[in-house]
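Hi everyone, thanks for making time.

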Amino acid sequence: MISKKRLAKRHANRPANMYADLDFWLALLKDGDWLTDRAESLLKEHEDDLEVSLATFIELFLVEERLSFDRERAVTAILELATYEGNPNVVYQASENIDEGLNTFDAFHAALSSGSIISSDRAYDELTGVNRIRLEPEENEDSTA
């Protein structure tokens with residue numbers, strides 16, 4: 001398996017110009033998908049110029065709630081095959097945040113937060129490495145001020 005650091009370095013030097021949305025990746029990831037053959041053919045045709053975005057990973061994590069697959073393995077497979085302009089560590093951290101109980105969107109917000117987040121969502125309070133700055137007023141404060 002390729003290391004997360006090597007993935008980040010590899011992606012910085014790779015040209016890309018064919019955006020592949022989640023349908024393509026699911027066709028490759030799911031057993032018995034009716035689009036697998038076509039996806040594999042397109043993978044061969046565009047193997048050196050595929051790209052994905054953060055939206056791809058957010059959608060992947062959302063459908064993972066319905067479909068059963070190894071989230072981190074899927075992320076690693078996609079990152080090995082496509083260019084991603086963002087920080088791959090954000091995607092892996094979001095995956096860990098989901099494992100700690102956050103929903104997909106909160107998991108990505110926390111992963112993108114650099115350790116501090118303004119929110120009224122108490123889910124962040126239980127998360128290691130994230131400091132929530134309370135949006136809600138202190139109990140002794142007037143909330144209309």
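Predicted model: local features only at pLDDT ≥ 70, side-chain atom pairs only at ≥ 80, totals over all residues.

Residues are numbered from 1 along each chain as its sequence is written, and side-chain values use heavy atoms, with hydrogens and water left out.

Okay, the overview. The protein has 7 helices and 5 strands; these are DSSP runs, helices being H or I with at least four residues and strands being E with at least two, numbered from the N terminus. Along the sequence the pattern goes α-β-α-α-β-α-α-β-α-α-β-β. Of the 145 residues, 39% are buried, and buried means under 20% relative accessible area, exposed over 50%, partly exposed in between, with a 1.4 Å probe and protein chains only.

Back to Asp33. Asp33 counts as buried, at 15% relative accessibility. Its side chain makes a polar contact of 3.2 Å with the side chain of Lys30. A polar contact is a pair of N or O atoms within 3.5 Å; within protein, one must be able to donate a hydrogen and the other to accept it, and residues adjacent in sequence count only if both atoms are side-chain atoms. Apart from neighbours within four places in sequence, Asp33 is in contact (heavy atoms within 4.5 Å) with Leu26 and Ala27.

What covers them? At the N-terminal end, Asp21 caps α2, with a side-chain oxygen 3.0 Å from the backbone nitrogen of Asp23.

Val63 is buried, with a relative accessible area of 9%. Setting aside neighbours within four places in sequence, Val63 is in contact with Leu22 and Leu26. Val63 and Leu26 are 37 residues apart along the chain, and their C-alpha atoms are separated by 9.5 Å.

Next, α3. Thr36, Ala39 and Leu43 are buried there. Looking down the axis of α3, these buried residues fall within an arc of 60°, so they line one face of the helix; the arc is that of the directions from the helix axis to the C-beta atoms. They pack against α2, β2 and α5. On the other side of α3, you'll find Asp37, Arg38, Lys44 and Glu45 exposed.

Now, how do α5 and α6 pack? Helix α5 (71-81) and helix α6 (88-99) pack at an angle of about 170°, with axes 10 Å apart. The axes are lines fitted to C-alpha atoms, for helices over the stretch in contact, and angles run from 0 to 180 degrees between N-to-C directions. That makes α5 and α6 roughly antiparallel to each other, the word for angles over 145 degrees, with under 35 being roughly parallel, 65 to 115 roughly perpendicular and the rest oblique.

Last stop: Ser119 in strand β4, residues 116-119. Ser119 counts as buried at 11% relative accessibility, and a polar atom of its side chain lies 2.8 Å from the backbone nitrogen of Asp121.
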